[in-house]
Amino acid sequence: MAVDRDIFGISGPTYLNPVNWNCEHNRRSVAACLVQAVYVLERDRQLNRQSVEALAPPWWEFFHFELIRKLVDDADLSIFGAIFEFNPPSSKEASADNAPRFVIAFRGTITEKETISRDISLDLHLVQNGLHRTSRFIIAMQAVQNVASVFPGSNIWLAGHSLGAGMAILTGRNMVKKGVLLESFLFNPPFVAAPIERISDERVKHGFRIARSVITAGLAIAMKGKGEGSSQRSVAEDSFNILSSWTPYLFVNPGDHICSEYIGYFQHRKNMEDLGAGFIEKLATQNSIGDLFYKALGWESEPLHLLPSADLIVNTSPSPDFKYAHGISQWWQPELNLQCSKYRYS
């Protein structure tokens with residue numbers, strides 16, 4: 001069944017037939033389509049499209065996946081995620097290297113009346129480094145743990161867009177702490193910080209980043225020196241080192257201020273090391289000013305954007321507007337100008 005058009009009028013990637021699981025572009029496109037499937041699943045529910053009227057199934061059936069479970073929010077009963085199992089017609093394709101056995105996908109915010117209140121509330125929790133305290137995360141975490149425990153050793157992917165990318169980061173981080181590394185495709189993941197990357201003057205931008213690193217490192221040292229949260233700091237450092245073995249794929253667009261700061265986050269770390277200020281940047285990389293503030297107040301905080309390692313993929317193709325730059329559809333387009341950088345924490 002060919003992917004035709006979804007409810008937003010976006011053409012699907014019919015060129016992916018068959019899928020080459022060893023091709024990073026094919027893998028990215030499939031992961032993005034399965035995230036899109038979750039968006040359409042929820043819209044099918046909202047508009048009561050059932051059976052042959054449902055628009056979501058082609059988004060996974062085209063790639064020979066089966067929907068084995070919908071993840072439903074307990075607050076508004078919306079579908080925020082889904083678990084897909086790869087079930088191709090031939091055993092040869094099923095055993096193909098790099099093909100996933102399961103993909104667990106999470107959507108982002110939907111600004112419709114049925115979902116906007118709950119989704120915006122979760123966006124605010126994310127900004128306040130508190131997404132891990134929400135019931136949606138608990139449901140997502142339990143789902144990921146169940147699949148990983150019932151099918152140990154299987155190739156399991158996480159995929160998410162925007163708020164859903166934040167959910168995928170949080171579940172992926174927690175699975176790392178349990179000794180399980182999941183391949184993760186994070187589209188337009190939110191970076192909770194001032195959008196310095198939007199500054200056009202490179203010298204001003206670099207100056208802002210150095211100042212932020214010095215301030216962040218200074219606050220971290222001051223808190224540790226006063227004994228405020230010193231045990232938390234050592235735990236945070238150990239946790240950061242453990243997370244360094246996990247290398248998610250981050251897909252960002254410079255025109256999207258919600259995620260573009262990841263570009264500077266990783267590049268600045270390298271620049272500081274080249275300047276001989278690696279110690280300062282090491283502290284700044286493991287902390288954020290907001291996180292330190294929350295913890296000084298005694299609040300539990302888990303900033304998602306502090307990632308030790310990643311493969312950063314930047315879409316440098318022209319974006320007509322912010323809606324496109326932040327949208328999921330760009331990531332399954334066949335011809336993109338992509339810049340890929342590998343960052344490994346040590």
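**Group meeting: a helix pair in a predicted model**

Of the 346 residues in the protein chain, 52% are buried. Keep in mind that this is a predicted model. The secondary structure of the chain amounts to 12 helices and 8 strands. As for contacts with a separation of 6 or more, 73% of them in this chain are between residues 24 or more positions apart.

Next, the annotation. UniProt, in an unreviewed entry, lists residues 142-180 under "domain: Fungal lipase-type". In the model, that span is 62% helix and 15% strand.

Now to one pair of helices. Two packed helices are described by two values, the angle between their axes and the distance between those axes. Here the pair is α5, residues 135-150, and α6, residues 163-177. Their axes are 10 Å apart, and the packing angle is about 50°. Angles from 65 to 115 degrees count as roughly perpendicular and those under 35 as roughly parallel, so α5 is oblique to α6. The crossing of α5 past α6 is right-handed.

Which residues make the contact? From α5 there are Arg136, Phe137, Ala140, Met141, Val144, Gln145 and Ala148. From α6 there are Leu163, Met167, Leu170, Thr171, Asn174 and Met175. Sorted by class, the contact of α5 with α6 has 9 nonpolar, 3 polar and 1 charged residues.

Methods:
Residues are numbered from 1 along each chain as its sequence is written. This is a predicted model: local features need pLDDT of at least 70, side-chain atom pairs count only at pLDDT 80 or more; totals for chains, interfaces and linings use all residues. Side-chain values use heavy atoms; hydrogens and water are left out. UniProt positions are given in the numbering used here, feature names are shortened, and annotations may be inferred rather than shown by experiment. Helices (H or I, at least four residues) and strands (E, at least two) are DSSP runs, numbered from the N terminus. Axes are lines fitted to C-alpha atoms, for helices over the stretch in contact, and angles run from 0 to 180 degrees between N-to-C directions. Angles under 35 degrees count as roughly parallel, over 145 as roughly antiparallel, 65 to 115 as roughly perpendicular and the rest as oblique. A crossing is left-handed if the near helix is turned anticlockwise from the far one by less than a right angle, and right-handed if clockwise. Contact means heavy atoms within 4.5 Å. Ala, Val, Leu, Ile, Met, Phe, Trp, Tyr, Cys and Pro count as nonpolar, Asp, Glu, Lys and Arg as charged, and the others, Gly among them, as polar. Buried means under 20% relative accessible area, exposed over 50%, partly exposed in between (1.4 Å probe, protein chains only).
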